[in-house]
Amino acid sequence: MSLGLTGKLPFHTVYLHAMVRDAHGRKMSKSPDLSNVALAASLGNVIDPLEVIDGISLEDLHKKLYEGNLPDKEIEKAKKGQSQEYPDGIPECGADALRFGLLAYTLQGRNVNLDINRVVGWRLFCNKVWNATRFGLMYFGPEFRFPGSLKPDLALAWEDRWIVSRLSHCAARINESMEKYEFANATSAAHQFFLYELCDVYLELLKPRFYGETEEEKVLKDREVARQVLYVCLDWSMRLMHPLLPYLTEELYQRLPPSPVKCESICVAPFPTTVHAWRNEALEKEMEVTSEVARQFRSQKTSLGFSPGARPGAFVRHEETPRRGSSWRSSRPRSRAWPAWAPSRCSARARRTPVAPCGTW
């Protein structure tokens, strides 16, 4: 019909996904063979996408079995299967979580063994995207206007340069994955950046920069720089994740502050590509070391039996020989990501317990 009416093909590329099965790898597709239909229904493993999107109780799942032509014996088998798989029914996951989950499954190969619990996990990720973005929007204030781009002469802090480097790397990974139809890798890149780099690291490092009221010009300029970098991170994240989470990203994109380059809809906004000027591999390696130090601190603290609220003193043993005329402490940048455990705030038990070095590099 498209050729007859417009003279053009409706699609130039069609992506064929693998067969979707249940969590145990059992087939749940319909078949002309009546015995196969009865088998699929009697297992209770046929998943309606609308039931995953809107949610459904176990009682309603049982009721839907009576809408077909199954005999009572097969209905009882299906009820048993549904009770085992969904004892509390299927929780409401939303269209975005189901879409993201199915795209993440495309790495499996020939079959997609769909587990509803994994879709529920992606719903939690959607909640994280919503809450983290709403939290980040609080830093902007009603008067903030993004100028359109990050100017080269901005005095970016250490964590600012790191996050834009990781953002550029994320954009490169997602673009490459989309071009190769490796959608699972695209979901992995988006999930890794937003959850473990933007939320767990950068948003935490921003808190001290925005803490308290001040009129000091230097601090105000630093906060303005932080706002611009945060805007770029949120704007790019929404556009990069839009093919994966279309409804959520559209809603959050509309809540971003005004900008000369902001479009009416994220659907028509240009898709971000990597910015080579932002890449800084040396800085990324420094952050990896910093993050590893923080993880080792937490691990040692737990293994030594400290309470969660204790803040024991600790030290890092480093085997690198300092350069002549300078010490290692002065030749390495100090990061806010390193936990500042002051000995004066230690508990009585912490003061009595010797602290072992957290590791050697």
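Is Phe183 buried or exposed? Phe183 is buried, with a relative accessible area of 15%. Buried means under 20% relative accessible area, exposed over 50%, and partly exposed in between (1.4 Å probe, protein chains only).

## Model and conventions

This is a predicted model: local features need pLDDT of at least 70, side-chain atom pairs count only at pLDDT 80 or more, and totals for chains, interfaces and linings use all residues. Residues are numbered from 1 along each chain as its sequence is written, and side-chain values use heavy atoms, with hydrogens and water left out.

## Overall fold

The chain has 14 helices and two strands. Both are DSSP runs, numbered from the N terminus: helices are H or I with at least four residues, strands are E with at least two. The chain has 361 residues, and 40% of them count as buried.

Take the contacts between residues at least 6 apart in sequence: 75% of them join residues at least 24 apart. Contact here means heavy atoms within 4.5 Å. The chain exposes about 21300 Å², and carbon and sulfur atoms supply 53% of that area. Accessible areas come from the Shrake-Rupley method with a 1.4 Å probe; for residues, only the protein chains shown count as cover.

## Aromatic pairs

A pair of aromatic rings is described by the distance of the centres and the angle of the planes. Rings of Phe, Tyr and Trp (its six-membered ring) pair if their centres lie within 6.5 Å; planes under 30 degrees apart count as stacked, over 60 as edge-to-face, and the rest as tilted. The structure holds 14 such pairs. One of them joins Tyr15 and Phe183 edge-to-face, at 4.9 Å centre to centre with 80° between the planes. Tyr15 lies in the loop between α1 (2–6) and β1 (19–21), and Phe183 in helix α9 (residues 183–210), so the pair ties together parts 168 residues apart in sequence. Tyr15 is partly exposed, at 38% relative accessibility, whereas Phe183 is buried.

Phe146 and Tyr231 make another pair. Their ring centres are 4.4 Å apart and their planes are at 15°, so the pair is stacked. Phe146 sits in the loop between α7 (116–137) and α8 (158–179), and Tyr231 in helix α10 (residues 217–241), so this pair ties together parts 85 residues apart in sequence. Both Phe146 and Tyr231 are buried. Elsewhere, ring pairs link Phe100, Trp122, Phe125 and Phe194 into a cluster.

## Charges over rings

Which ring does the charged end of Arg118 sit over? That ring belongs to Tyr105, and the charged end lies 4.5 Å from the ring centre. The charged end of Lys262 sits over the ring of Tyr253, 5.5 Å from the centre. The criterion is NZ of Lys or CZ of Arg within 6 Å of the ring centre and within 35 degrees of the ring normal.

## Salt bridges

The whole structure contains 17 salt bridges. Each is a side-chain nitrogen of Lys or Arg within 4 Å of a carboxyl oxygen of Asp or Glu. Glu51 bridges to Lys64, with the closest N and O atoms 2.7 Å apart. Glu51 lies in helix α3 (residues 49–54) and Lys64 in helix α4 (residues 58–64), so the bridge ties together parts 13 residues apart in sequence. Glu51 is buried at 9% relative accessibility. Lys64 is partly exposed, with a relative accessible area of 33%.

Other bridges stay within a helix. Asp235 and Arg239 form a salt bridge, their closest N and O atoms being 2.7 Å apart. Both lie in helix α10, four residues apart, about one turn of the helix. Asp235 and Arg239 are both buried. Glu292 and Arg295 meet at 3.0 Å, N to O. They are three residues apart in helix α12 (residues 281–303), about one helical turn. Glu292 is partly exposed at 25%, and so is Arg295 at 46%. Glu159, Asp160, Arg209 and Asp222 are linked in a network of salt bridges.

## Surface patch

Phe11, Val14 and Leu16 make a nonpolar surface patch of about 390 Å². Patches are made of residues with over 30% relative accessible area and no salt bridge: like charges are joined within 9 Å, nonpolar side chains (Val, Leu, Ile, Met, Phe, Trp, Tyr) within 5 Å. Leu16 lies in the loop between α1 and β1. Leu16 is exposed, with a relative accessible area of 72%.
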